[in-house]
Amino acid sequence: AAAAVAAQAGWLDLLGGSPPPLPAEQADFIHTLAARHLDPYLDGVRAAPQAGERLFLPAVRSDYAATHGGAPLPAPDEAVLALYVRHAIGKANSIHCFGELLMGEGRPPVLQPELDAHLRSLAKALAEAIGRDFGTGAGREYRLGGVALDQALLEEAARRHAAELYATQHRLGESLAKANEAGEVGRRAELRRIFGFEC
């Protein structure tokens, strides 16, 4: 079952590919509002919605109309949901998939039990947030690219995104190590040229 979910997770495009097919102005507008709405939770400033807090999808529609002469939001709900999920998983993983900064080493990946606990917690919280921010209803199913967006799929998508973060960190670390090695070779060659010795 997990393999089937993983095979379907590519539709969400959380691994650094192309954004949802929206004009840049619309995508930027929605993503900015998603960040403003979600970041207090992702940053740990707020633990639960406050009384009277606006739901995300109605707020996006309202704010777009207010800033575009009353025009309705042209983006489909699915595109809004995709940007919402992309931001939630992307930022949450960038915060919680790595440990504290170590001088000279950067932020190391967290241990597997800590990662698993984070991914489970994120998927559960995100599923609840989607149900709240995109309308509620008995048996309501949220879909992206024709795939049901349930907690299991959210967890697998977040896991794949975390794996890509770790792979990128590894590639960058290797590139930095090669650059440092090349710099050290160059430094020794310059000392040899100028002073006739190397240290």
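Trainee: Is Arg159 buried or exposed, or something in between?

Mentor: Burial is judged by relative accessible area, with buried meaning under 20%, exposed over 50% and partly exposed in between (1.4 Å probe, protein chains only). Arg159 has 26% relative accessibility, so Arg159 counts as partly exposed. Keep in mind that this is a predicted model, in which local features need pLDDT of at least 70 and side-chain atom pairs count only at pLDDT 80 or more, while totals for chains, interfaces and linings use all residues. Residues are numbered from 1 along each chain as its sequence is written, and side-chain values use heavy atoms, with hydrogens and water left out.

Trainee: With which residue does Arg159 form a salt bridge?

Mentor: Side chains of opposite charge can pair when their charged atoms come close. The rule here asks for a side-chain nitrogen of Lys or Arg within 4 Å of a carboxyl oxygen of Asp or Glu. Arg159 pairs in this way with Glu155, the closest N and O atoms being 3.3 Å apart; both residues lie in helix 6 (residues 151-195), four residues apart, about one turn of the helix. Helices here are DSSP runs (H or I, at least four residues), numbered from the N terminus. Elsewhere, salt bridges that share partners join Asp39, Asp43 and Lys91 into one network.

Trainee: Which parts does the salt bridge of Arg61 and Asp77 tie together?

Mentor: The side chains of Arg61 and Asp77 meet at 2.9 Å, N to O, and because Arg61 lies in helix 3 and Asp77 in helix 4, the pair ties together parts that are 16 residues apart in sequence. Arg61, at 39% relative accessibility, counts as partly exposed, and so does Asp77, at 35%. By this rule the count comes to nine salt bridges.

Trainee: What does the side chain of Asn93 make with that of His161?

Mentor: A polar contact is a pair of N or O atoms within 3.5 Å; within protein, one must be able to donate a hydrogen and the other to accept it, and residues adjacent in sequence count only if both atoms are side-chain atoms. The Asn93 and His161 side chains make such a contact at 3.0 Å, and Asn93, in helix 4 (residues 77-96), counts as buried at 0% relative accessibility.

Conventions. Helix = DSSP H or I, 4+ residues; strand = E, 2+ residues; numbered from the N terminus.
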